[in-house]
Amino acid sequence: MSYVETLINWIVVAGVVILFGVILASWLASYRVSKAAPIPSGDWFFRWPAWVQIGGGLAGCLLFGYLGSLLWIPLPLDLSPPAAALLRVVGLLFFIMGWILALWAWWTLGALYGVSTGFAAPLQAEHRLIR
């Protein structure tokens, strides 16, 4: 494994860990800060106690991460070393742009940033549109 490949792998791993930590910290902080009563949602997930929602979310993240590592199938590509290095750098740039976009959304929305599920987003009484 080349030096560039090792460096890119470490950057991606560190970026994923940092981004997951930021999202987790904001998620936990959103449960700690008292808010106005939430607007009723039809989603069953938001009817559970906060500790069940947090535990279920963490368990889901860990399960999908574990399954992703188990089921990973590398593409059967035979690229030259310069082409492989170029693709790694391009992939790293896309990763960093996505990471910056996620952090920008978190920073822009501030206290209104919250975790949503695939079913619904928990709206609070003080939510407002930010453009």
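A patch is made of residues with over 30% relative accessible area and no salt bridge, where like charges are joined within 9 Å and nonpolar side chains (Val, Leu, Ile, Met, Phe, Trp, Tyr) within 5 Å. A salt bridge is a side-chain nitrogen of Lys or Arg within 4 Å of a carboxyl oxygen of Asp or Glu. Accessible areas come from the Shrake-Rupley method with a 1.4 Å probe, and for residues only the protein chains shown count as cover.

The views show a predicted model, in which local features need pLDDT of at least 70, side-chain atom pairs count only at pLDDT 80 or more, and totals for chains, interfaces and linings use all residues. Residues are numbered from 1 along each chain as its sequence is written, and side-chain values use heavy atoms, with hydrogens and water left out.

**View 1. The nonpolar patch on the surface.** Tyr3, Val4, Leu7, Ile11, Val89, Leu93, Ile96 and Ile100 form this patch, with about 710 Å² of accessible area together. Helices α1 and α3 each supply at least two of the patch residues; helices are DSSP runs (H or I, at least four residues), numbered from the N terminus. Leu93 belongs to helix α3 and is partly exposed, at a relative accessible area of 49% (buried means under 20%, exposed over 50%, partly exposed in between, with a 1.4 Å probe and protein chains only).

**View 2. The second largest pocket.** A pocket is an open set of points on a 1 Å grid over the protein atoms alone, where a 1.4 Å probe fits, with protein on both sides within 12 Å along at least five of seven lines; lining residues have an atom within 4 Å of a point. The volume of this pocket is about 540 Å³, counted as the space filled by probe spheres set on the points. Its lining has 15 residues, and Asn9, Trp72, Ala84, Leu87 and Arg88 lie nearest the centre. The elements that give two or more residues to this lining are α1 (3-32) and α3 (81-109), and α3 gives the most, with five residues.

**View 3. Ile8 and Ala85.** Ile8 is found in helix α1 and is buried, with a relative accessible area of 8%. The C-alpha atoms of Ile8 and Ala85 are separated by 9.7 Å, although these residues are 77 residues apart along the chain.

**View 4. Ser2 and Pro81.** Ser2 lies in the segment before α1 and is partly exposed, with a relative accessible area of 40%. Ser2 and Pro81 are 79 residues apart in sequence and 9.5 Å apart in space, C-alpha to C-alpha.
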